[in-house]
Amino acid sequence: MATLMAGEKRISCLSCLRNCNMSIQEMRDYIALGLKGKSTISERKQILAEKRKQLEEELERLQDSIAYIDWKQGFYDDVLSGKTEYVSNLIPEE
């Protein structure tokens, strides 16, 4: 049972690393460092810090995209209700 639990933890760890946009090679490198033990903790912390920074930047981009979609949906609601005149920046004015 302990082996199964350890295997599940490994899978969970790998899944999390993959969700952090780590490549297979980066995951291999990270795991190899982990297998070396305590002496590589600083290096592993640095790897995770860099991934965290990248995720924060991605999250900010995603939040900006969501905000744009929310604004656009509100604009469309206003157009459909007659509150706002429709203007498209995709269709050239004649």
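Some ground rules come first. Residues are numbered from 1 along each chain as its sequence is written, and side-chain values use heavy atoms, with hydrogens and water left out. In this predicted model, local features need pLDDT of at least 70 and side-chain atom pairs count only at pLDDT 80 or more, while totals for chains, interfaces and linings use all residues.

Start with two helices. Helix α2 covers residues 24–35, and helix α3 covers residues 41–81. Helices here are DSSP runs of H or I with at least four residues, numbered from the N terminus. The two pack at an angle of about 150°, and their axes are 9 Å apart. Each axis is a line fitted to C-alpha atoms over the stretch in contact, and angles run from 0 to 180 degrees between N-to-C directions. α2 and α3 are therefore roughly antiparallel to each other. That label applies to angles over 145 degrees; under 35 is roughly parallel, 65 to 115 roughly perpendicular, and the rest oblique. The crossing of α2 past α3 is left-handed. In such a crossing, the near helix is turned anticlockwise from the far one by less than a right angle.

Which residues of α2 and α3 meet? From α2 come Glu 26, Tyr 30, Leu 33 and Gly 34. From α3 come Glu 43, Arg 44, Ile 47, Leu 48 and Lys 51. By class, this contact has 4 nonpolar, 1 polar and 4 charged residues. Ala, Val, Leu, Ile, Met, Phe, Trp, Tyr, Cys and Pro count as nonpolar; Asp, Glu, Lys and Arg count as charged; the others, Gly among them, count as polar. Contact means heavy atoms within 4.5 Å.

Now look at Leu 33 in helix α2. Leu 33 counts as buried, at 10% relative accessibility. Buried means under 20% relative accessible area, exposed means over 50%, and partly exposed lies in between, with a 1.4 Å probe and protein chains only. Leaving aside neighbours within four places in sequence, Leu 33 is in contact with Thr 40, Glu 43, Arg 44 and Ile 47. Leu 33 and Glu 43 are 10 residues apart along the chain, and their C-alpha atoms are separated by 8.0 Å.

Thr 40 sits in the loop between α2 and α3. Is Thr 40 buried or exposed? Thr 40 is buried, with a relative accessible area of 6%. Not counting residues up to four places away in sequence, Thr 40 touches Leu 33 and Gly 34. A polar atom of the Thr 40 side chain also lies 2.9 Å from the backbone oxygen of Gly 37.

Back in helix α2 is Ile 31. Ile 31 counts as partly exposed, at 32% relative accessibility. With residues up to four places away in sequence set aside, Ile 31 touches Leu 14 and Leu 17. The C-alpha atoms of Ile 31 and Glu 43 are separated by 12 Å.

Leu 48 belongs to helix α3. At 36% relative accessibility, Leu 48 is partly exposed. Leu 48 touches Leu 17, Met 22 and Tyr 30, not counting residues up to four places away in sequence. Tyr 68 is 20 residues from Leu 48 in sequence and 30 Å away in space, C-alpha to C-alpha.

Further along α3 is Ile 69. This residue counts as partly exposed, at 48% relative accessibility. Ile 69 and Leu 59 are 10 residues apart in sequence and 15 Å apart in space, C-alpha to C-alpha.

One backbone detail remains. Most residues other than glycine have a negative phi. Asn 21 has a positive phi of about 65°, although it is not a glycine. Asn 21 is found in the loop between α1 (2–19) and α2. At 45% relative accessibility, Asn 21 counts as partly exposed.

Conventions
A polar contact is a pair of N or O atoms within 3.5 Å; within protein, one must be able to donate a hydrogen and the other to accept it, and residues adjacent in sequence count only if both atoms are side-chain atoms.
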